Amino acid sequence: MELQGSSPQGLTLLGQILERLEDHAVHIAIDKEGIVTTWNPEAEALFGWPAEEAVGQPLTALIIPEPLHAAHCEGLRRWNESGQSTVACQRLRTVARHKDGHHLAVLVDVQVIQTADGTRFLGWAREILDGG
């Protein structure tokens with residue numbers, strides 16, 4: 001998928017699309033460096049970080065537990081060097097970190113898109129409750 005238009009228009013269009021998701025899923029987008037570019041209200045509720053604090057920060061600093069930092073950074077490096085991903089188009093069962101430090105089990109779906117502003121990794125997540 002490629003979004004056309006200038007930077008603000010492309011990101012505005014992406015934001016409008018994501019706001020219309022029927023299931024109101026947690027949605028987070030990062031750029032090819034791992035910096036958060038989109039953080040919806042459901043992400044705020046699940047992870048405890050307001051969008052104003054999350055956007056512009058590395059995802060590893062927000063919700064990825066320390067033991068998973070290296071794998072996340074390696075995945076970004078692999079994508080940037082080869083365009084290969086082991087998580088794109090996959091449903092992952094993993095652990096995330098809340099702002100207050102507690103961990104929660106989540107299911108994450110990751111897609112990669114190209115926009116006028118470059119590569120974006122889109123993640124939709126939901127908490128796994130009662131075995132999920």
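Here are some notes on the fold, the core, the salt bridges and one threonine in this predicted model.

1. Ground rules. The model is predicted, so local features need pLDDT of at least 70 and side-chain atom pairs count only at pLDDT 80 or more, while totals for chains, interfaces and linings use all residues. Residues are numbered from 1 along each chain as its sequence is written, and side-chain values use heavy atoms, with hydrogens and water left out.

2. Overall fold. You'll find 5 helices and 6 strands in the protein chain; both are DSSP runs numbered from the N terminus, with helices being H or I of at least four residues and strands being E of at least two. Walking along the sequence, the order is β-α-β-β-α-α-α-α-β-β-β.

3. Burial and surface. Of the 132 residues in the protein chain, 38% are buried (under 20% relative accessible area; exposed is over 50%, partly exposed in between, with a 1.4 Å probe and protein chains only). The accessible surface of the chain is about 7,500 Å², and carbon and sulfur atoms hold 53% of that. Areas come from the Shrake-Rupley method with a 1.4 Å probe, and for residues only the protein chains shown count as cover.

4. Contacts along the chain. Take the contacts (heavy atoms within 4.5 Å) with a separation of 6 or more: 42% of them are between residues 24 or more positions apart.

5. The core. The largest nonpolar core has 24 residues, and Ile28, Trp39, Phe47, Leu59 and Ile63 have the most contacts inside it. Such a core is a set of buried Ala, Val, Leu, Ile, Met, Phe, Trp, Tyr and Cys residues joined through side-chain atoms within 4.5 Å. Elements giving two or more residues to this core include β2 (26-31), β3 (36-39), α5 (69-82) and β6 (118-127). The largest share, 4 residues, comes from β5.

6. Leu59 up close. Which residues does Leu59 touch, leaving out those up to four places away in sequence? The list is Ile28, Ile30, Gly34, Val36, Trp39, Ile64 and His72.

7. A salt bridge across the sequence. There are 4 salt bridges in the count, each being a side-chain nitrogen of Lys or Arg within 4 Å of a carboxyl oxygen of Asp or Glu. One of them pairs Lys99 with Glu53, with the closest N and O atoms 3.0 Å apart. This pair links distant parts of the chain, 46 residues apart: Lys99 sits in the loop between β4 (90-97) and β5, and Glu53 in helix α3. Lys99 counts as partly exposed at 37% relative accessibility, and Glu53 does too, at 36%.

8. Through shared partners, Glu74, Arg77 and Glu81 join into one network. Glu81 is exposed at 61% relative accessibility, whereas Glu74 is partly exposed at 31% and Arg77 partly exposed at 36%.

9. Thr115. A polar atom of the Thr115 side chain lies 3.0 Å from the backbone nitrogen of Asp117.

How values were computed
Polar contact = N/O pair within 3.5 Å; in protein donor to acceptor, adjacent residues only side chain to side chain.
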